[in-house]
Amino acid sequence: MNAAMLAFLQRRRPALLLLLLLLIFFALAAVSRSQSRPPDYGEALAKSLLYFESQRSGRLPHNQRVAWRGHSGLTDGLEQGVDLVGGYYDAGDNVKFGLPMAFTITMLSWGVIEYGEQIAGAGELAHALEAIKWGTDYFIKAHTHPNVLWAQVGDGDTDHYCWQRPEDMTTSRQAHKTAAAMAAASIVFRETNPHYSRLLLHHAKQLFEFGDKRRGKYDASVAAAKGYYPSVSGYNDELLWAALWLYKATDSADYLAYALDNAASLGGITWAIAEFSWDVKFAGVQTLASMLLMDDGAKHEPHRQILEQYRAKAEHYLCACLNKNNATNVRRTPGGLLFVRKWNNMQYVASAAFLLSVYSDHLRAVDQTLGCDGERVDPQELLRLAKSQVDYILGDNPRGTSYLVGYGDNYPLRVHHRGASIESYRRNKGFIGCTQGYDSWFGRRGPNPNVVVGALVGGPDNMDRFRDERKNFMQTEACTYNTATLVGALARLSSLDLGDTDDGVNSFDLSSRASI
C-alpha cells in the first residue's frame, strides 16, 4: 500500500468505521426482525390447514377460501365408468396419488385425535375436519368394490411434460386400480358424525382384509406410480399400520392380535428406522404400539413382552432424532435442522416433530422417561427438540426464512407449483396449453402470482442453504404430507405457555384427546 493510499484511508477512517458500524447494525437488525417475535403457532396452524384448500381437486364448495383456485378434474374416472372426482393433488403437479394421499389423511386424523382440543381452541377444528373429509369422501368413491381400490388418477409422465393449471388440464386422467386412513378418520368423526364414522370403518375393514389376503407392493399393480411414489418399504409396514389403527378404532382384539402375531414376520419389532414418512411407516407403527402400554397398561399387560419390543424400536427412532444413539443418529445441519436427505427433507422434519410431541406427552402422562443407550431422557427434552424443529421451519434459522409459505415476512416466493405459478383461473379464464405454461410462466424470475399459503416446502440442504427458484423442485416443491404431519405439532405447541422460564414446555392433559 503506497503512502497516498494510506493517507487517504487515514483521512476517511471515521467515515469507514461509521459505514462498518451501520452495516453491522443493519445485519443485526435483520436477524433480530426474523427472531424477535416469538412464533405464533396458532397463526401457523390456521395457515397450514388453509393449504389443503389449495390442493383440492374436483368441484370446489361454496365456502372455498382459496379464491385463486377453480373447479378441476371434473371428469376423473369417466373413462373407466366410475366417479373419481375429488381428493387432493399431492404436490405441485396435477396427479392424485393414492398412497401419499392416504398418509396425509391418516396424519391429519392422528393430529386431531391427539390435539383436537388445541385445534378447536385455535378456532380451526371445523377446517381440520373439512380437510380430512375431503380426502375420505374421495376414498369412499375410489373403493368401488370390496376388492377394488382406484389408487391413482393421472399419469406422472404426461403431467410433468406439461406446466398447466389444474383447471386447464389436457394430460391423461387414466385411473389405476390397486385402510389406515379411513380407520383413523372414523375415530375423528365418531362423535360428530357417527353414521359417517361407521361408513369409513366399513370400508377400512374391507380394505384391510383385501390387502392382507392379496399381499403385494401397490406399485406392482399401479406401474404408473413407480417413477414418482415407489413403495421402497414394501407392504409389511402398511399392514401393521392399518391393523393398529383398526384396533384403535374398533377395540377389536383380532386387530391387536394381528399386530402382535405378525410383529416379527412383518418387521414391526425387527426394523430399527431413523425416518418416518408416507412410505416408511415403521416408526409410526412402533410408536402406536408402544403407546398402548402407556394408555392402558393393565389391559395390555398380557402382551407386554411384544409391546416392549415395539417400544424399543420406537425409542430407537426418537433417540436417533435426539442424537443419543451410540450407532445410528439423524444428521443435523449447522443450524440444527434434522437432515435425512436432500429431496424434500422437511417431510422428515415435520413428521419427527409430531412423533416427538406425541411421545413426550404420553411419557409425561405416566411419569416415565425415554431410554437411549443407557441414558434416561425426560419427556421435556423430546418436546424441546420438536419445538426447535418447528421454530426452524417458521424462521428461527440461519437464513431467517420461514419455510411455511405465507407465514412471516420472508418465505419462498417461487414455489414449484403449477397452479400458483400461473395467473389465477378466476382472473384469466383463457386456456393455457400444455407447454404454454413452460413458455410463459415457469421460467419467470418474479414471484408466483398466487401464494400457496400453508405449504411446507422441501427446505434447505445439509448446510442450511436454500435457493428460491421454481425449477429447484427438491427444495421449493411442497407436498400435502409435509403439512399434514406439521398440523399436529403446531397444535401441540399452540398450547405452550410462552411465559414458562425453565424449559418452555408445559404439562399436557391426555384426557383432552379424542376417545379411542
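Modeller: One term first: buried means under 20% relative accessible area, exposed over 50%, and partly exposed in between, with a 1.4 Å probe and protein chains only. By that cut-off C479 is buried, at 5% relative accessibility. This is a predicted model: local features need pLDDT of at least 70, side-chain atom pairs count only at pLDDT 80 or more, and totals for chains, interfaces and linings use all residues. Residues are numbered from 1 along each chain as its sequence is written, and side-chain values use heavy atoms, with hydrogens and water left out.

Biologist: How many disulfides does a search of the whole structure find?

Modeller: One. A disulfide here is a pair of cysteine sulfur atoms within 2.5 Å. C319 and C372 are joined, S to S 1.9 Å.

Biologist: Which hand does that disulfide have?

Modeller: Left-handed, because the torsion about the S-S bond of C319 and C372 is about -85°.

Biologist: And which elements hold the two cysteines?

Modeller: C319 is in helix α13 (residues 304-321), and C372 is in strand β6 (residues 370-372). So the pair ties together parts 53 residues apart in sequence. Helices (H or I, at least four residues) and strands (E, at least two) are DSSP runs, numbered from the N terminus.

Biologist: Is C319 buried or exposed?

Modeller: C319 is buried, at 1% relative accessibility. C372 is buried too, with a relative accessible area of 1%.

Biologist: Switching to helices. At what angle do α15 and α19 cross?

Modeller: Roughly 110°, with the axes of α15 (residues 379-393) and α19 (residues 480-493) coming within 11 Å. Axes are lines fitted to C-alpha atoms, for helices over the stretch in contact, and angles run from 0 to 180 degrees between N-to-C directions. The two helices are therefore roughly perpendicular, a label for 65 to 115 degrees; under 35 is roughly parallel, over 145 roughly antiparallel, and the rest oblique.

Biologist: Which residues meet there?

Modeller: L383, K387, V390 and I393 of α15 meet L486, A489, L490, R492 and L493 of α19. Contact means heavy atoms within 4.5 Å. By class, the contact has seven nonpolar, no polar and two charged residues. Ala, Val, Leu, Ile, Met, Phe, Trp, Tyr, Cys and Pro count as nonpolar, Asp, Glu, Lys and Arg as charged, and the others, Gly among them, as polar.
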